[in-house]
Amino acid sequence: MRDARIREIDLGPRQMLLFDAEEQASADQKRVLDCLAGHVEKHGQAQLNHFVQLAGDALGWDAFTVLQYLFRLAHDLEINFRSNGAQIAAGEAKQMLMDSSEANLQVVLNKPVDEAVFHRVKEFYKEIAVDTGSVDHLDQVELARCLARRLRAWKRDLDKCRISAGMPGFPGKNDIDDGLNFISSISQKSDAFSLIHAFFADAASLGRLAETVNTIRAFYDDDARRWQMLVEFAEACKKTLSGQMDKPCAAEAYGRFQTILALPRPYDRVDEAWQLYRLLKSHHDKIVAQQTQQCRETALAKVGSLVRDMGKHLEAHGADDDLRNHALFALRVKLRCINESRNIDRIKRHVLAAEEAFEMFWDEVAGE
């Protein structure tokens with residue numbers, strides 16, 4: 001088979017077709033599976049290249065069509081590929097075929113799972129998947145597909161939260177990374193037998209993972225906006241609430257607030273942190289208002305001094321009315337801006353602008 005055709009093999013699920021075409025595609029895929037089952041019953045595992053030719057002749061199809069259906073069956077966990085006695089993923093099998101048309105590949109049917117293991121995993125699946133309907137009637141392959149879908153759903157949820165969890169002050173990044181790594185390791189079990197046994201062997205860890213995913217998803221869906229406000233407030237109040245506070249209860253509340261925001265898993269403490277924030281914000285706002293007023297008074301005194309010095313400088317050099325008006329107006333505008341500003345940073349910027357204007361006009365008056 002030419003490499004160019006092998007590259008066209010689709011590793012994903014079969015695309016849904018119109019009803020009649022879908023029925024035919026499903027029937028054709030089952031024909032390939034039945035053909036393989038008959039071959040395995042007589043000969044054990046099947047050599048891939050040999051089986052593709054035999055099935056193609058028996059079904060009247062070209063080799064590529066048979067090969068594509070085999071990869072569909074592998075995606076559906078009906079079969080798996082082996083190389084040198086070891087199971088390999090479908091993507092690896094495709095690459096080996098692209099590298100060499102004589103690749104040593106075998107196709108095997110999935111092994112049956114022990115009934116006790118099968119039953120326990122079904123019960124476990126009911127515990128970790130809500131609103132999924134009954135799984136009691138599912139066979140081994142169908143259950144494995146449900147397990148694979150659950151892993152993909154967990155991965156989607158964690159991937160969705162991962163970007164936000166990397167923001168400063170936000171929790172969960174380590175748990176998310178650990179969860180994604182765990183999901184990746186379990187997802188490598190690409191046949192039904194191995195996947196079901198992995199869920200059986202790692203049931204305790206997978207149960208904890210399910211709880212972690214649900215908790216983190218709920219936090220980022222429901223509380224991320226409030227948490228962002230808490231993080232921003234925690235940063236803003238470092239300069240206002242970190243010192244001695246008049247009321248012991250406020251100091252105690254601030255300590256508790258800091259403790260919650262530093263927790264690696266604060267998910268069940270968001271409401272408490274929000275109540276503390278509402279209590280502390282009034283203290284913070286009062287202190288900020290006092291500091292802003294002090295800064296404003298200092299700034300007004302400083303720029304007022306610049307206005308007086310500029311007036312004396314203009315008089316000393318006999319500056320004309322036009323230059324006098326421009327120089328004093330620029331400084332008086334800054335006085336008005338300082339009076340109207342509501343935060344310290346803006347006040348400081350206006351003071352700096354006043355100083356720059358003062359120096360510029362000072363030099364202009366002196367050089368006139």
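Which helix is Gly207 found in?

## Gly207 and the ground rules

Gly207 sits in helix α10, which covers residues 203-222. Helices here are DSSP runs of H or I with at least four residues, strands are E runs with at least two, and both are numbered from the N terminus. Gly207 has a relative accessible area of 18%, so it counts as buried (buried is under 20%, exposed is over 50%, partly exposed is in between, with a 1.4 Å probe and protein chains only).

A word on the model: it's a predicted one, where local features need pLDDT of at least 70 and side-chain atom pairs count only at pLDDT 80 or more, while totals for chains, interfaces and linings use all residues. Residues are numbered from 1 along each chain as its sequence is written, and side-chain values use heavy atoms, with hydrogens and water left out.

## Strands

Strand β4 (residues 106-109) pairs with β1 (residues 46-47) in an antiparallel way, through 2 bridges. To count as paired, two strands need at least two DSSP bridges between them. Ala46 has Val107 of β4 as its bridge partner.

β4 also pairs with strand β2 (residues 79-83), again antiparallel, over 4 bridges.

## Aromatic rings

There are 11 aromatic pairs in the structure. Rings of Phe, Tyr and Trp (its six-membered ring) pair if their centres lie within 6.5 Å; planes under 30 degrees apart are stacked, over 60 edge-to-face, and the rest tilted. Trp61 and Tyr69 make a tilted pair, 5.6 Å centre to centre with 35 degrees between the planes. Tyr69 is buried at 13% relative accessible area.

Phe233 and Phe257 go edge-to-face, at 5.8 Å centre to centre and 75 degrees between the planes. Phe233 belongs to helix α11 (residues 224-236) and Phe257 to helix α13 (residues 248-262), so this pair ties together parts 24 residues apart in sequence. Both Phe233 and Phe257 are buried. Elsewhere on the aromatic list, Phe170, Phe219, Tyr220, Trp227 and Tyr267 form one cluster.

Lys111 lies over the face of Phe193, 4.3 Å from the ring centre (the test is NZ of Lys or CZ of Arg within 6 Å of the centre and within 35 degrees of the ring normal).

## Cysteines

Searching the whole structure turns up 0 disulfides, with a disulfide taken as a pair of cysteine sulfur atoms within 2.5 Å. For Cys237, the nearest cysteine sulfur is that of Cys249, 15 Å away. Cys237 is buried at 0% relative accessibility, and Cys146 is buried at 9%.
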